[in-house]
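Here are my notes on the model, as numbered points. Please read them with the structure open.

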Amino acid sequence: MSQEPNTTLNRAKPYQLVLFPLNNGATNVYFVLILSYVAQFGSSILKLGMFASIMVTVMRVADAVTDPIIGAMMDRTSTKIGKFRPFMILGSAVMAVSVVCLYILTPLIPESVMWARYAAFVAVYFVWVIGYTFQTSCTRAGQTVLTNDPNQRPMFTIFNTVGSLLGMGVMQFMIPLVKGMYDVKDEAGNVIVSGYSDPAVFRIITPIGIAISVLLTILAIIGIAEKDNPKYFGVGGQQEKVKMSEYLEIIRDNKPMQRLMVAGAGCKLALAIATNTTVLLALYGILMGNYNSLYLPMMVLGYVCAVPFFLLSMRTSQKLGQRASLIRYVSVALICYVGVLALLLMSDHGDPARMLAFPFQGGGAINLYTILFIVCFGIGYGAYYATADMPIPMVADCSDYETYRSGKYIPGIMGTLFSLVDKLVSSLAQTLVAFIFLIFAGLSDLPTDSTPYSGGIKVAVIVMFCVIPMLAWGATLLAMKGYTLTGEKMKTIQAVNAARKEAVAGGMSLERAMKEITDDTVKTEA
């Protein structure tokens, strides 16, 4: 006979839904500050050439060893201030100190001892990566205690984006303005020395970025404080101690997590390359000839176009599940970027009618080419930006599925698995950028907006701004085709987990609850 569980869903309060996702905004400050600019910094200021780009990837691959260790630490942690808050505090502190050392102290090392610059760059960057893992993994893992309501989880994407705009968006808006203050221009107003070659730019943006990140971290800690409690941990009120040797087995058997890792990698790669600082410098500054008049309007356009897609994706996720929403809007992005690709192929550096133009800072009047680009890019960017972080709340679904499948509550390892994908892909993006400019344009150093135009640079930009993101979205769609955690399936999983938790609280063993309480014995709401 089926039974109706008395245990209600664990729902978050409105302020908790708003504040905790700001943790992702706090780490996205560093996504811009470090991952978008560290290669440019290493090449232009520390004079490390392509070494900086390569080391971003090498260090992240090496960090694959530390990720599962940190995940295991989180799963075993239980302190007076909870499971997740200690890692959020420690991660924030480690990143703040390391970024000061990287951007403010390493340029003080004389060029006469270049070996010390190389060593300091590697050491400081490695420490920063550890701190980044501490805090980013909490965003994924903490969702499991925040809420398990299928109608609330999609809202995490909305507030996560708000946090990202407060972190990533503010930095993306501010840094080019600071850079413009230090550009060296000729009499005609053309940039001859980029501001990114001046250490003063990084001395200004570093403390601002740290202050924003710390503020967002404090707000996120307030948001998770009440829920960071053992009574919300898993089926039995506390997580089972899982041996490191069991993690590979868990990954092997959790098929939805495997597919989500591929989808997350596709979304992250598309975002990381298409928004890479060097790629945008080359697109707006070299191909289109006026970085200062184009970058900010196009960035604002993208954010404005993303707003309706965030609302649409949330409604789709609540009605049909997050899988259906991700597939639908990634498909929209893929279709629109066919138009962006065609327009970039048609662009002509010598013909103003076939280049982007805005009436700002001498950018010229808006032409038909610009209107078509706005339509294709705006819709495409809005759709894929709305889905870029959608896999994050889906990690919580996979973690709940693991509890449903095996009885184990291991949000830490789930969070760090996804953090690992995040870091590997974002670091791969920077190395791809460097190698693609080398292969197609013959550039041994990363270009700036003062680099002369060439056909090779145009090809490189098209490959990175359109082709690679489109391939990444294709991989996302293929991965989601066999993803089984639909909206209806998640309702069943939550009902079964709730019934098992109630039974264990009443004295039943976990083994018996896992065996006797199944999909067939629990009713779910229509």
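**Notes on helices and surface**

1. H13 has a kink of about 30° at Val-307, shortly before the proline Pro-308. The bend at a residue is the angle between axes fitted to the seven residues ending there and the seven starting there. Helices are DSSP runs (H or I, at least four residues), numbered from the N terminus.

2. The model is predicted: local features need pLDDT of at least 70, side-chain atom pairs count only at pLDDT 80 or more, and totals for chains, interfaces and linings use all residues. Residues are numbered from 1 along each chain as its sequence is written, and side-chain values use heavy atoms, with hydrogens and water left out.

3. From first C-alpha to last, the 30 residues of H13 (291-320) reach 41 Å, close to the 44 Å expected at 1.5 Å a residue; that span is 1.5 Å times one less than the number of residues. Gly-321 follows H13 and has a positive phi, near 100°.

4. Pro-207 lies in helix H9 (residues 199-224). Pro-207 counts as partly exposed because its relative accessibility is 42% (buried is under 20% relative accessible area, exposed over 50%, partly exposed in between; 1.4 Å probe, protein chains only). Its C-alpha is separated by 42 Å from that of Asn-254, 47 residues apart along the chain.

5. Leu-438 is in helix H17 and, at 32% relative accessibility, is also partly exposed.

Conventions. Helices (H or I, at least four residues) and strands (E, at least two) are DSSP runs, numbered from the N terminus.
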